[in-house]
Amino acid sequence: MFYNAKNGNLKIGNTDMDYISFGTGKRVFIMIPGLGDGMMTVKGKALPFAWEYRKFAKDFTVYLFSRKNELEEGYSIRDMARDLKIAMDKLGIKKADIMGVSQGGMIAEYMAIDYPEVVNKLILVVTVGRQNECIQSNVKRWIELAEQNRYGEAMKDITVRMYTPEYIQRYRLMLGVLGLFPGPKNKIRFLRMAKSCAEHSLYEELREIKAPTLIVGGERDQTVTGEASKEIAEQIDNCELYMYAEYGHGLYSEAKDFNQRVYDFLLK
């Protein structure tokens, strides 16, 4: 199989969780996706992710975990971290480098705080440690659109706020396709994930993170702001901060050196 790419599923409580893995390295590298996971999980995507992140396949065994497929009311970011720890235990993963993007970064923060023994190095990408007006406004709008079953509009709005105008212009046909998106199979799941984003705040607890940490933000971030990454860096002693001046929330897709930057941090 290409880069040893595999699709998997785990039983978690009374529901299940989709995940994928690839690579052959001895070190484990866990990637946690953002709120987009509420629209579509990683199920069946082992091959495309293995290709996109093939840089890591030789030195790491890489896992991407979705959230559970059924989320109880009031399900929090901290609950997501708890369930990720359960998934790690089920797979026999005792320690890993962990990277979280956006909402995934919020989960990664709790992993480093609540389960420090399983975190080797930590990478927090375009995420927040506390609420700000920008993220509150965005999440409120996406929740309202989802509640009105206007998922195509929500997807277009999310995309426009993620990427730079230059990137949008290059892939403008993509916006038309996104506008036709009918919504996720489990619409309650997306709403509960979105609401957990709007409630996430652990700014003072960030001081408890001891794992070597790389924080990556974008100065043009219209989803959570670039300032949010700088605020996190103020709270974590053992950290490095890198800000992309030219990119926003989707910098992990736009910045050609992103994978190399992460790779270099993990191996140094």
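Colleague: Which residues in helix 2 meet helix 3, and which residues in helix 3 do they meet?

Modeller: Ile-77, Arg-78, Met-80, Ala-81, Leu-84, Lys-85 and Met-88 in helix 2 meet Gln-103, Met-106, Ile-107, Tyr-110, Met-111, Ile-113 and Asp-114 in helix 3, where contact means heavy atoms within 4.5 Å. By class, this contact has 10 nonpolar, one polar and three charged residues; Ala, Val, Leu, Ile, Met, Phe, Trp, Tyr, Cys and Pro count as nonpolar, Asp, Glu, Lys and Arg as charged, and the others, Gly among them, as polar. The model is a predicted one, in which local features need pLDDT of at least 70 and side-chain atom pairs count only at pLDDT 80 or more, while totals for chains, interfaces and linings use all residues. Residues are numbered from 1 along each chain as its sequence is written, and side-chain values use heavy atoms, with hydrogens and water left out.

Colleague: Why are helix 2 and helix 3 called roughly perpendicular?

Modeller: Two packed helices are described by the angle between their axes and the distance between the axes. The axes of helix 2 and helix 3 come within 8 Å and cross at roughly 70°. Angles of 65 to 115 degrees count as roughly perpendicular, those under 35 as roughly parallel, those over 145 as roughly antiparallel and the rest as oblique, and therefore helix 2 and helix 3 are roughly perpendicular to each other. The axes are lines fitted to C-alpha atoms over the stretch in contact, with angles from 0 to 180 degrees between N-to-C directions, and the helices themselves are DSSP runs (H or I, at least four residues; strands are E, at least two), numbered from the N terminus.

Colleague: Is the crossing of helix 2 and helix 3 left-handed or right-handed?

Modeller: The crossing of helix 2 and helix 3 is right-handed, a word used if the near helix is turned clockwise from the far one by less than a right angle, with left-handed used if anticlockwise.

Colleague: What makes helix 4 roughly antiparallel to helix 5?

Modeller: The axes of helix 4 (residues 133–147) and helix 5 (residues 151–162) come within 8 Å and cross at roughly 160°. That angle makes helix 4 roughly antiparallel to helix 5, and their crossing is left-handed. The contact includes Asn-138, Arg-141 and Leu-145 of helix 4 and Tyr-151, Asp-157 and Arg-161 of helix 5, and by class it has six nonpolar, one polar and four charged residues.

Colleague: What is the relation of helix 4 to helix 8?

Modeller: The axes of helix 4 and helix 8 (residues 187–199) come within 9 Å and cross at roughly 165°, which makes helix 4 roughly antiparallel to helix 8. Helix 4 passes helix 8 in a left-handed crossing, and the residues that meet include Val-139, Trp-142 and Ile-143 in helix 4 and Phe-190, Leu-191 and Ala-194 in helix 8. By class, this contact has 10 nonpolar, one polar and two charged residues. The buried residues of helix 8 pack against strand 4 (60–68), helix 2, helix 3, helix 4 and helix 5.

Colleague: Does Glu-144 count as buried, partly exposed or exposed, and why?

Modeller: Glu-144, which lies in helix 4, is partly exposed, with a relative accessible area of 37%.

Colleague: Why does Ile-93 count as buried?

Modeller: Ile-93 is placed in the loop between helix 2 (77–91) and strand 5 (96–101), and its relative accessibility of 6% means that Ile-93 counts as buried. Not counting residues up to four places away in sequence, Ile-93 touches Val-28, Tyr-63, Phe-65 and Met-88.

Colleague: What is said of the phi of Val-126?

Modeller: Val-126 has a positive phi of about 40° although it is not a glycine. Most residues other than glycine have a negative phi. Val-126 is in the loop between strand 6 (119–125) and helix 4, and at 0% relative accessibility it counts as buried. Thr-225, also not a glycine, has a positive phi of about 80°.

Methods. Buried < 20%, exposed > 50% of the residue type's maximum accessible area, 1.4 Å probe, protein only.
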